[in-house]
2 protein chains.
Amino acid sequence: MEATSWIEDGMTLGLSGFTRAGDAKAVPLALVERAKSNPLKVNVYTGASLGSDVDKLMAEHGLVLKRLPFQADATMRKRINKGEMLFVDQHLSHTAELIRADILETIDYAIIEAISVTEDGLIIPTTSVGNSPIFVEKAENVIIELNTAHPSELAGVHDIYELGKQGERSWVPLTKGNDRIGTPGIPVDLNKIKGVVITDLPDSPSTIVPPDDETQKIADHLIEFLRKEIESGRLTERLAPLQSGIGSVANAVLHGLLVSEFSDLEIYSEVLQDAVFDLIDAGKVKFASGCSITLSEEKANQVYSNFDKYRDQLVLRPQEISNLPEIIRRLGLIAINTALEVDIYGNVNSTHVLGTNMMNGIGGSGDFARNARLSIFVTKSIAKDGKISSIVPFVSHVDHTEHDVDVIVTEQGYVDLRGLAPRERAPLIIEKLAHPMYKQQLLDYYQEALANGGQTPHNLEKAFSFHLNYAKNGTMLEKMLQMA
Amino acid sequence: MEATSWIEDGMTLGLSGFTRAGDAKAVPLALVERAKSNPLKVNVYTGASLGSDVDKLMAEHGLVLKRLPFQADATMRKRINKGEMLFVDQHLSHTAELIRADILETIDYAIIEAISVTEDGLIIPTTSVGNSPIFVEKAENVIIELNTAHPSELAGVHDIYELGKQGERSWVPLTKGNDRIGTPGIPVDLNKIKGVVITDLPDSPSTIVPPDDETQKIADHLIEFLRKEIESGRLTERLAPLQSGIGSVANAVLHGLLVSEFSDLEIYSEVLQDAVFDLIDAGKVKFASGCSITLSEEKANQVYSNFDKYRDQLVLRPQEISNLPEIIRRLGLIAINTALEVDIYGNVNSTHVLGTNMMNGIGGSGDFARNARLSIFVTKSIAKDGKISSIVPFVSHVDHTEHDVDVIVTEQGYVDLRGLAPRERAPLIIEKLAHPMYKQQLLDYYQEALANGGQTPHNLEKAFSFHLNYAKNGTMLEKMLQMA
């Protein structure tokens, strides 16, 4: 492919794509082919994770110098953690600001998947918007991947709003999730378009893990909490616009809503997954705003064969709008995100295994958790058959501080931490969230820490004892307990 | 005082006051007197810290059940850290949202210092606005402290804007720091006013620490960084609206601007300190928006004897407006806040000594750091004559994650972390920020951690070795180095 010959060693590419949806595919895959005989290294910026094994292949062939702001590929993860490539983990609403302000590398090529480009200079994106608008605006050159695998009916679903420079911009005139405030495509200077590649590669389907016993229990506890909020008069049965991270737990929670009494719901989220469309089909959700549509193969066939039915209930926005603090706080979202581990004071690690190895990235969880009306984190209380406790004395990496975590839910129960001091939080978290096999060990830590006093009692000598136990013995359980 | 007899055990009080300015004084002090013979415990909510030793006296007499969202008193701090009273440390923009949504305890009495109450139901506050508007709106009863010690000329400086409920509110129509968008006083249902107390107790003066060699060097490095930003075209000599935390380092930085080439500056901050008025006097600052005015005795005398000169250049807002993510991001603030310690990856601890004992609280630093155009943290590289290194392998408490920290400055130099991966950050932070006496020790940790691999290499066994050394030996320096 000719386009790949334009790309030189050391360049920075801005690729469309957000959670396997609407990602540039043909050019990156051709670039991987080219790299086999003619090695090069480039910086790769995207919206979020890519599909079609692009991240995997780019990593395998050592194509990437620096990757940001998110990835979710096992091979790339390995190379990142070996220090063989650089990964900059960013709040998903921040990347566009950094590009707009000329803080990151200049983007040499924006490579954008599209349904079409209009005569008056609008790129009509496909199944995601991501960071494409700022890539196109700031890039010196644009390559379009016209992908015929997407239904042309997607046109009209996008709403592209450009914030403008900090200090010169106005408010974002959006007060309801379904407000349309921008253009139906990404404005482009047609002279910047250096090439158009025609492809028909479909998006990679999402890999949905069906609810299991534990995720079902988490969903049940969360719905129980929401019911209490309604009883207290703080919410109605329409709840509030919902944001939900990706993954099996979040998916189970949304499915839990399907059989609940809640109705007239709205979604204001990043990724619109299968469950969102199930909720629309069931008449539970009247509107969904997101930044990408990521579906299983089955659901995609159903949705796209009948897209007219959905289009008026959907809008896709740039990720700095779907994730903008201004809007998240104004609308008062209920944000549901997944934790890797939480500590006894409610700090959350969503990214680093044992404090060191990156899983995927913080994604949009920080944008939502900090600014939502209700910031809810979900996790199973144990992992690896109990060898790992998701409740630990001190999280080995902090992505969300206690100030940004309102409610935590495990299959054991939920805690409402709002307005509680650390010394009120710890006993509750241990009692309600921890797996029974770890309760005593956590209580022992807390009791010993209390002897040190403090606003947030800790015993730094043992703060990571759970993690160190695991590294040494393959389980966080203390020896004595294992033998008992 | 009769008013104190209305206050019952277990009630929740909402007191005006933000960083020793505009705080209710007479009623709380009378309540302390009453408690000597007739003990009671109440929840105390404020804007931020109080003056007139109110927090000290309330703590000494065991008056406080739960205190939020900020305090800065040595006696209260001690009781908090002993677990004798509860303290809920909150982002200063969050408290009002929690009260508005009926999540915290109902406020029984709002006790608000005022210059006057108008016939049509506006309370004209004094030197701070803080959380007073939401206290007045949600409280069942209001007590006014009419304080004649404040100049009546303060009237007109306030701009009270009520956000309204999440999900029902619109955008905040503010695009410049000096926009006026609200009313000149706090709307009150006059029937709720249960009493008016006349006082003439002045605000406690701020205790300004003059710049020393180290804070001067920090200011110099920071200004050097700002100059580089101008050279790169990312800023102009007008910079961008400035937010500055309180404390001697921040004060030195603002004084550094006084003798710089920067001009036509704007302040959009929480507390307006002496340095802000010095900058106005010097013609460097054309406008300052804040939520309180906290001055030394000398500066207060000068400013208030001539307030007409300043009034058109000032506005005082509720803290949820001064600290609102929506506005901070829109205006693109340059935020300068103080760190207690930072780690080799750029995570910041601003609150907890050795991870356990509370100093003051996170205050507004999180509101600003997350949303600013430039999030700058300043700290001296060592404390206690070098027994403590402010640069550590792993901060003992995380208030701000690496994602929210753009630039760090010590007297040794500055680092610009924007767009850098953790493995790029650590060597820079150690090289540019750490005190020479700790560089090798930090490098040794990092080298050892690198052997573990990872996106953020750590050796959890030694992550808190600096802190544990200090607890054991009274210094973070390793034994070997001490002996050398």
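Tyr438(A) is tucked away from solvent: in this predicted model, the residue is buried, with a relative accessible area of 0% (buried means under 20%, exposed over 50% and partly exposed in between, using a 1.4 Å probe and protein chains only). Phe466(A) is buried too, at 1% relative accessibility. The rings of Tyr438(A) and Phe466(A) form a tilted aromatic pair, with 6.0 Å centre to centre and 35 degrees between the planes. Rings of Phe, Tyr and Trp (its six-membered ring) pair if their centres lie within 6.5 Å, and planes under 30 degrees apart count as stacked, over 60 as edge-to-face and the rest as tilted. This pair links distant parts of the chain, 28 residues apart, with Tyr438(A) in helix 16 (residues 436–450) and Phe466(A) in helix 17 (residues 465–473) of chain A. Helices (H or I, at least four residues) and strands (E, at least two) are DSSP runs numbered from the N terminus. Over all chains there are 19 aromatic pairs, and one aromatic cluster is made up of Phe394(A), Phe464(A), Phe394(B) and Phe464(B).

As for the two copies, chain B can be laid on chain A by a turn of 180 degrees and a shift of 0.0 Å along the axis, with an RMSD of 0.0 Å (least-squares superposition on C-alpha atoms of residues with pLDDT of at least 70 in both). The copies are thus related as by a two-fold rotation axis. In chain B, Glu326(B) has the C-alpha nearest that axis, 2.1 Å away. Both copies use the same surface, as 100% of the contact residues of chain B recur in chain A, contact being heavy atoms within 4.5 Å.

Beyond neighbours within four places in sequence, the contacts of Glu270(A) include Phe18(A), Leu92(A), Cys291(A) and Phe368(A). The side chains of Glu270(A) and Asn323(A) are joined by a polar contact of 2.7 Å (N or O atoms within 3.5 Å; within protein, one able to donate a hydrogen and the other to accept it, with sequence-adjacent residues counting only if both atoms are side-chain atoms).

Residues are numbered from 1 along each chain as its sequence is written, and chains are lettered from A in the order written. Local features need pLDDT of at least 70 and side-chain atom pairs 80 or more, while totals for chains, interfaces and linings use all residues; side-chain values use heavy atoms, leaving out hydrogens and water.
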